[in-house]
Amino acid sequence: MHDELVDHLMRSTPLQRGEALRVIQDVLAYFDETTEHYVRRRHRELQAQGLVNTEIFERIAADLKYRAVAPPELSLRQLRRMVYG
């Protein structure tokens, strides 16, 4: 699985084969997260930092643009619906 990428990481970092594979799997799992799961997770994380919903949803909307596969632009209302139903 992803042998070429594992080999590249081993050449360009001090990682061993097993470590490189785990890093790749972690990164792929991170980007495999659906938009709804990402929005819910980030909402919980930012709320735990003490931010209020107005700040949270604006930050999430801005962050979504930089995901590896960016979803279509979502309104603040659509983001709220993902969290609260």
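L74 counts as buried because its relative accessibility is 17% (buried means under 20% relative accessible area, exposed over 50%, partly exposed in between; 1.4 Å probe, protein chains only). The model is predicted, so local features need pLDDT of at least 70 and side-chain atom pairs count only at pLDDT 80 or more, while totals for chains, interfaces and linings use all residues. Residues are numbered from 1 along each chain as its sequence is written, and side-chain values use heavy atoms, with hydrogens and water left out.

L74 sits in the loop between α4 and α5 (helices are DSSP runs of H or I, at least four residues, numbered from the N terminus). Leaving aside neighbours within four places in sequence, L74 is in contact with T35, L64, L79 and M82 (contact means heavy atoms within 4.5 Å). On the same terms, the partners of L64 are T35, Y38, V39, A70, P71, L74 and L79.

L74 and L64 both belong to the largest nonpolar core, which has 12 residues in all (a set of buried Ala, Val, Leu, Ile, Met, Phe, Trp, Tyr and Cys residues joined through side-chain atoms within 4.5 Å). Two or more core residues come from each of α3 (35-48), α4 (53-64) and α5 (76-84). The most come from α4, with 5 residues.

A helix pair was also examined. Helices α1 (residues 3-12) and α2 (residues 17-32) pack at about 120°, with axes 9 Å apart (axes are lines fitted to C-alpha atoms over the stretch in contact; angles run from 0 to 180 degrees between N-to-C directions). D3, L5, V6, D7, L9 and M10 in α1 meet R17, A20, L21 and I24 in α2.
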